[in-house]
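Trainee: Could we go through this structure together? I would like to get a picture of the fold before I set anything up.
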Amino acid sequence: MSGAILFLNRWPLYEDERRWENRLAAPEIVFCPQTDRVTYICDEGGRSAVPADAERVHVVADFGDLEGVLGTVDAVVRDEGPFDHVIGFSEMLLDLAATLRERYGIPGSSTEETSRFRDKTVMKETLSRAGLRVPRWASCRTEDQILAAAEEFGYPVIVKPVRGASSQGVREIASAGELRALCAEQSLHDLEIEEFVQGEILHVDGVLDAAGKPLFLCTSRYVSTCLDFELLGEPLGSVFQTDPAVRGRCEDFAVRCLTALGLRSSAFHLELFDTGDELVFLEVGARVPGADVPYVIHDVHGVNLFRLWTDVLLGRPVDPPLPDPEQSGGWLIIPGPRPLPQKITEATSLLGEVPYVYRELVPRAGEVLVSRPGSYATLQGGRFLFRGGTQEQIEQAVRQARAQYRLTTEPVP
């Protein structure tokens with residue numbers, strides 16, 4: 001018996017069978033009805049993912065209203081008794097989950113532990129003390145201080161929110177004039193500045209057990225960057241790396257970072273730079289990777305990261321998966337044309353047209369694309385999943401898909 005579980009959810013499930021986002025995190029998949037007593041706290045969006053026969057469901061108006069959420073959970077604890085576990089998959093719910101654990105004395109990541117994976121200054125400070133290479137950085141306080149930091153680092157520099165995700169609010173600043181303009185147009189509160197690191201960006205994803213040992217690891221190389229997707233509207237994707245030297249080097253670095261940060265019983269998504277001379281930490285999240293990464297991992301390696309993470313959290317017996325390290329896969333997201341919203345007039349299917357594309361989400365004529373900052377796993381200009389080839393073949397297929405896909409739209413008045 002795993003005990004009483006408080007499950008926080010803001011992710012919807014769609015009736016549209018074309019759409020696969022969030023399905024691997026569905027409660028019917030990650031929980032066991034025979035042993036898990038689950039109480040759901042969700043917002044209106046997340047309500048659609050709650051099983052129809054669930055008995056303990058509580059809807060909050062806004063997860064951002066901490067006092068309102070705490071009031072709801074206080075009432076639930078009074079009525080239903082204490083909880084043994086708090087689980088929330090969304091990056092935006094990790095702080096809340098930690099707060100609830102401390103409030104009710106529930107085991108798991110505390111607010112201090114969670115801050116190492118939510119606060120970018122804390123994570124870099126921790127890793128720097130451990131002797132691991134991180135970008136030079138400074139918290140933003142005054143205009144003079146941030147300008148001095150930029151002169152020390154050299155332009156361009158990166159300015160980003162201390163707590164954020166999906167490159168939302170991240171800016172690449174090319175000059176002192178640009179930096180002064182940024183200081184004039186917005187508050188420096190909760191921002192940091194860091195050096196620009198030139199190199200390819202890779203990500204290592206997986207799950208650690210209760211001792212902090214990896215149960216599963218997968219290394220991928222980005223096609224373009226999350227920042228270029230957000231700022232420039234460039235297509236974004238990544239491809240599983242099968243070269244043992246690349247995987248070994250990146251995964252060893254990732255595990256050393258995670259050990260220094262003290263991560264245990266958790267999924268993770270860690271990004272790093274490969275400059276050619278060294279690996280440099282970029283950032284890490286204590287959660288399953290976003291976009292289409294977990295779905296291709298599942299379809300290529302047979303590993304559901306959400307279920308594996310839940311098994312670890314609930315103390316279930318886990319047999320470490322044995323994926324084939326030579327199997328590659330990948331994904332590609334094509335953003336819609338700007339400015340949004342735009343109505344689709346025509347979009348071309350790539351199934352059967354581009355090798356190794358096995359699933360796609362192509363918007364239909366008449367559908368409207370709207371802006372969803374940071375929401376990669378949603379209706380975009382086009383989403384494509386790849387498997388069945390070598391790393392080189394998948395990389396070529398991703399390039400072909402990017403070149404071949406055609407999308408026509410018209411502005412929505």
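Predicted model: local features only at pLDDT ≥ 70, side-chain atom pairs only at ≥ 80, totals over all residues.

Trainee: What about the open sheet, in which order do its strands come?

Mentor: Eight strands make up that open sheet, in the order E13-E12-E9-E10-E11-E14-E18-E16, with antiparallel pairing. Strand E13 (279-285) and strand E16 (357-361) each have a single partner strand, so they stand at the edges, with one side of each left without a neighbour in the sheet. On average, and ignoring direction, neighbouring strands of this sheet are turned by 20 degrees against each other.

Trainee: How many bridges join E14 to E18?

Mentor: Six bridges connect strand E14, residues 329-334, with strand E18, residues 382-387, and the two run antiparallel. In this pairing tryptophan 331 stands opposite leucine 385 of E18.

Trainee: Which residues is tryptophan 331 in contact with, leaving aside neighbours within four places in sequence?

Mentor: Its contacts include Phe384, Leu385 and Phe386, and also Tyr222, Leu236, Ala291, Val293 and Val296, as well as Asp292, Gly237 and Ser238. Trp331 also belongs to the largest nonpolar core, which has 51 residues, and together with Phe31, Phe89, Ile297 and Phe306 it touches the most other members. Apart from that core lies another one of 23 residues, among them Phe117, Leu127, Leu272 and Leu279.

Trainee: Switching to the whole chain, how many helices and strands are there?

Mentor: The protein chain has 13 helices and 19 strands. Its radius of gyration is 22 Å, close to the 22 Å given by the globule rule for 413 residues, so the chain is as compact as a globular protein of that length. The C-alpha trace spans about 55 × 55 × 50 Å along its principal axes.

Trainee: What share of the residues counts as buried?

Mentor: Of the 413 residues, 54% count as buried, while the accessible surface comes to about 17,900 Å², with 49% of that belonging to carbon and sulfur atoms.

Trainee: And what share of the contacts comes from residues 24 or more positions apart?

Mentor: Taking contacts with a separation of 6 or more, such residues account for 67% of them in the protein chain.

Methods. Residues numbered from 1 in each chain as written. Heavy atoms only, no water. Pairing = 2+ DSSP bridges. Helix = DSSP H or I, 4+ residues; strand = E, 2+ residues; numbered from the N terminus. Axes fitted to C-alpha atoms, helices over the stretch in contact; angles between N-to-C directions. Core = buried A, V, L, I, M, F, W, Y, C linked by side-chain atoms within 4.5 Å. Buried < 20%, exposed > 50% of the residue type's maximum accessible area, 1.4 Å probe, protein only. Contact = heavy atoms within 4.5 Å. Rg over C-alpha atoms; globule rule 2.2 N^0.38 Å. Areas by Shrake-Rupley, 256 points an atom, 1.4 Å probe, with all protein chains shown as cover.
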